[in-house]
2 protein chains.
Amino acid sequence: MPDTNISKRQYKLLHSLQVKKYRKQHQAFLVEGEKSVVETLQSAYRVSELYCTADFAQNYAPIIETSATKVLVATANELKKGSHFQTNNSCLAIVQLPEPTPIAPLAQNEYALVLDGIQDPGNLGTIVRIADWYGIRSILCSPDTVDVYNPKVIASCMGSFLRVNIHYTDLEAYFPSLAAPKVYGAFLDGANLHEWSFPKEAGYIVLGNESKGIRASMASHIQQKITIPRFGQAESLNVAMATAIICDHVKKDTT
Amino acid sequence: MPDTNISKRQYKLLHSLQVKKYRKQHQAFLVEGEKSVVETLQSAYRVSELYCTADFAQNYAPIIETSATKVLVATANELKKGSHFQTNNSCLAIVQLPEPTPIAPLAQNEYALVLDGIQDPGNLGTIVRIADWYGIRSILCSPDTVDVYNPKVIASCMGSFLRVNIHYTDLEAYFPSLAAPKVYGAFLDGANLHEWSFPKEAGYIVLGNESKGIRASMASHIQQKITIPRFGQAESLNVAMATAIICDHVKKDTT
């Protein structure tokens, strides 16, 4: 098969979707990799164009048919050229950005995550995956948190973006409006998670930027500082690690 | 300053140390980044050559003098060319590989990690950092686990490699020789960590390869399967996340 199935215009579109500005302009983002693409096709998200190998098209024919997507069969080599990742070689989906939804109030005993300036796409992807593992439905992000539709975030969250509601909002404007639920924050000088328990009520857990932590303006809304106890000498724990450990405590304490 | 301080031969050496074969041949590895290089200079590791900017040489003169290293001042641009990472621009250290030490038996109540085929350098680096946070002194790795002296591992463990003993050994040959301590393994069908506690005694915790998990040959040495309970729909947790959560439980249960 000659490498001419994907036109120059299409390559340009695919590459442009690696950049937030163009994702906004086209109201679309990229999903790559067999597992994530198949999950996206089966979800409520709308796949507007599917680029895939003949094998992929054949293996997933019933799913592709149901989701009524524009399908373009291409070679693995072409898909690689259109992809952000060197390893992708069976499919690429252009997916419509979902309509923003209002932030839902927390249910009884529900905890949500709040990300104050997370910068690393791998960290955000991992945090979304952790939220999905622990059944946490919502993540509120400061406007300067890395875009969840960045291809690296989508790749590292392995389909979990389909199941967790992620909102970008001015956190400082959002939180003063809340008398309850309680707002917790991960600091180095808070209550020791090995000696303290999350109450069986709704709450928000704030995690801060990789190097600067939680901004002072956000910290002022935090009612309870919490800390993962340290037994050795590492200076810090990566924010995704901290999220995993905190979510594990939330579920252990409140389920 | 002209960009001619680092010779072609030296660039060749620096680049070669990105590859395990040459690290073995030269019995050396690379440490990059200010924090890690400074910590290495202050450790028992022997830095054989330090490449750094004039600023770095000045700022850390007392430390550099004490560690009696061969120092070569270079420009940030030169250091970048010799580096594995685009962001490194103040220092690069060539460090001698340490002599292999025998695996120490576990102390009372000591838990150690066992890695069966971890492939991703970022995962290994993060696991070493977690071990350092939780005061876990030893990690045993199968021979096919990624090399801890890989520059990506060194970068992601942020100096923690200096404080955790990492051994590569034939795990299946090592474990049958042990009647005790007990060997635990992370599986999807083990004891629920939210309902079960690690005993206050010594133990090994086995974590498996990112996609294949723990090999059957290693699984046969595991006396207790353990599981991080899932509350949502993510198919799996990344192995470094799982390690963080398990180490947190070990310390909470046994301290």
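**Residues, core and chain contact**

Trainee: Is Ile64(B) buried or exposed, and at what relative accessible area?

Mentor: Residues are numbered from 1 along each chain as written, and chains are lettered from A and ligands numbered from 1 in written order. The model is predicted, so local features need pLDDT of at least 70 and side-chain atom pairs pLDDT 80 or more, while totals for chains, interfaces and linings use all residues; side-chain values use heavy atoms, without hydrogens and water. Buried means under 20% relative accessible area, exposed over 50%, and partly exposed in between, with a 1.4 Å probe and protein chains only. Ile64(B) is therefore buried, at 9%.

Trainee: Which residues does Ile64(B) touch, beyond those up to four places away in sequence?

Mentor: Ile64(B) sits in helix H5, residues 61–66 of chain B; helices (H or I, at least four residues) and strands (E, at least two) are DSSP runs numbered from the N terminus. Contact means heavy atoms within 4.5 Å. With residues up to four places away left out, the list is Leu41(B), Leu50(B), Phe56(B), Ala57(B), Thr69(B) and Val71(B).

Trainee: What is the C-alpha separation of Ile64(B) and Gln42(B)?

Mentor: These two residues are 22 places apart along the chain. Their C-alpha atoms are separated by 8.7 Å.

Trainee: How many residues of helix H3 of chain B are buried, and what is included in their cover?

Mentor: H3(B) spans residues 34–41 and is mostly covered, with 6 of its 8 residues buried. The buried ones are Ser36(B), Val37(B), Val38(B), Glu39(B), Thr40(B) and Leu41(B). Their cover includes, in chain B, strands E1 (28–32), E2 (47–52) and E4 (91–96), helix H4 (54–59) and H5.

Trainee: Is Val71(A) buried or partly exposed, and which residues does it touch?

Mentor: Val71(A) lies in strand E3 of chain A and is partly exposed at 35%. The C-alpha atoms of Val71(A) and Cys52(A), 19 residues apart along the chain, are separated by 7.5 Å. Leaving out residues up to four places away, Val71(A) touches Leu50(A), Cys52(A) and Ile64(A).

Trainee: Which members of the largest nonpolar core touch the most other members?

Mentor: A nonpolar core is a set of buried Ala, Val, Leu, Ile, Met, Phe, Trp, Tyr and Cys residues joined through side-chain atoms within 4.5 Å. In soluble globular proteins, nonpolar side chains tend to be buried together. The largest core here has 123 residues, and those touching the most others are Phe56(A), Ile139(A), Phe198(A), Phe56(B), Ile139(B) and Phe198(B).

Trainee: What phi does Gln27(A) have, and what phi does Met158(B) have?

Mentor: Most residues other than glycine have a negative phi. Gln27(A) is in the loop between H2 and E1 of chain A, and Met158(B) is in the loop between helix H8 (151–157) and strand E7 (165–168) of chain B. Both are partly exposed, Gln27(A) at 42% and Met158(B) at 33%. Phi is positive in each: about 50 degrees for Gln27(A) and near 50 degrees for Met158(B).

Trainee: What rotation superposes chain B on chain A?

Mentor: Copies are superposed by least squares on C-alpha atoms of residues with pLDDT of at least 70 in both. The shift along the axis is 0.0 Å and the RMSD 0.0 Å, for a rotation of 180 degrees. That is the relation of a two-fold axis.

Trainee: Why can the copies be said to meet through the same surface?

Mentor: The test is how many interface residues of chain B are also interface residues in chain A. The copies meet through the same surface because that share is 100%.

Trainee: Which residues line the largest cavity?

Mentor: On a 1 Å grid over the protein atoms alone, a cavity is a set of points where a 1.4 Å probe fits but cannot get out, and lining residues have an atom within 4 Å of a point. Grid points are joined across faces, edges and corners, and volume is the space filled by probe spheres set on them. There is 1 cavity of 30 Å³ or more, and the largest has a volume of about 40 Å³. Its lining is Asp248(A), His249(A), Lys252(A), Asp248(B), His249(B) and Lys252(B).

Key: On a 1 Å grid over the protein atoms alone, a cavity is a set of points where a 1.4 Å probe fits but cannot get out, and a pocket is an open set with protein on both sides within 12 Å along at least five of seven lines; lining residues have an atom within 4 Å of a point.
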